[in-house]
Amino acid sequence: RRRRVARISASYLRLLPEPALLVRATGEILAANGPMETLTGRAPGAMEGVMLATVIASPADKVGAYLRLCARSVDPVPGAFDWRTADGSVLTMRCDGGVLTARTAGEPAVVLMRGRARNDEAQRFTLLTRKIEELSH
C-alpha cells in the first residue's frame, strides 16, 4: 500500500508548476518533478535515490532538523536552503515542507517539499537582461 501511495504521490508531483520533491524523513529523495530537475540542472530521474544532503549545500544537520520538523507537521514548514546545481553553482531556494505519509513501524515518513527561488523576480529580470544582450549582439 505504501509503495502505491508513493507512486500516486509522484504522479501528482509532476502536476505542480513549482520545483518539488518527495523525500523520506531519512533524507532519501524518492521523486523530483521537472521544474526541480530543471532548476538544479539534473537529468530526469537523476535525483531519485540520492540523499538530500548531497544536493543541498546547507549544513547536513540543518537539513536533518528541517526534515524532522516536516515529518511531524501537516502544515507547511517554511525553510530555505542552498542547492547545488549540476554545473557546480549554488542556488538559494525557499521551500515549504510537510508530511505526506506518516511514519509507520517499518517505514520513515514521506515529506513533500515545494520550493521556489528566493529572488524569483530578480532572477527573471537577470535572465531577461542576458537574453536581450545576446539578441542585440
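**View 1. Glu48, in the loop between H2 and H3.** Helices (H or I, at least four residues) and strands (E, at least two) are DSSP runs, numbered from the N terminus. This is a predicted model, in which local features need pLDDT of at least 70, side-chain atom pairs count only at pLDDT 80 or more, and totals for chains, interfaces and linings use all residues. Residues are numbered from 1 along each chain as its sequence is written, and side-chain values use heavy atoms, with hydrogens and water left out. Glu48 is partly exposed, at a relative accessible area of 47%; buried means under 20%, exposed over 50%, and partly exposed in between (1.4 Å probe, protein chains only). Setting aside residues up to four places away in sequence, Glu48 touches Ile29, Leu30 and Ala31, where contact means heavy atoms within 4.5 Å. Its C-alpha atom is separated by 9.2 Å from that of Val23, 25 residues apart along the chain.

**View 2. The whole chain, for orientation.** The protein has 5 helices and 5 strands, and from the N terminus on they run α-β-β-α-α-α-β-β-β-α. Of its 137 residues, 36% are buried. Among contacts between residues at least 6 apart in sequence, 46% join residues at least 24 apart.

**View 3. Asn33, in the loop between E2 and H2.** Beyond residues up to four places away in sequence, Asn33 touches Leu13, Arg14, Leu16, Glu18, Pro19 and Ala20.

**View 4. The largest nonpolar core, with 23 residues.** A nonpolar core is a set of buried Ala, Val, Leu, Ile, Met, Phe, Trp, Tyr and Cys residues joined through side-chain atoms within 4.5 Å. Look for Leu21, Met47, Leu52, Phe81, Trp83 and Met113, which touch the most other members. Two or more residues each come from E1, E2, H3, H4, E3, E4 and E5, and H4 gives the largest share, 5 residues. A second, separate core of 6 residues includes Ala10, Leu13, Ala20 and Leu22.

**View 5. Met47 and Thr40, in contact with each other.** Apart from neighbours within four places in sequence, the contacts of Met47 include Leu21, Ile29, Ala32, Met36, Val55 and Trp83. Thr40 is found in helix H2 (residues 34-40) and is buried, with a relative accessible area of 1%. Not counting residues up to four places away in sequence, Thr40 touches Met47, Trp83, Arg84, Thr85 and Ala86.

**View 6. Helix H4 and its buried residues.** H4 has 12 residues and reaches 16 Å from its first C-alpha to its last, close to the 16 Å expected at 1.5 Å a residue; the expected span is 1.5 Å times one less than the number of residues. Its buried residues are Val63, Gly64, Tyr66, Leu67, Cys70 and Ala71. They lie on the same side of H4 because they cover an arc of only 160° around the axis, taken from the directions from the helix axis to the C-beta atoms. An α-helix has 3.6 residues a turn, so residues three or four places apart point the same way.

**View 7. The hairpin of E3 and E4.** These antiparallel strands are joined by 8 bridges; two strands pair if DSSP finds at least two bridges between them. Phe81 stands opposite Met93 in E4. The hairpin has 5 residues between its strands, and Gly88 in the turn has a positive phi of about 95°.
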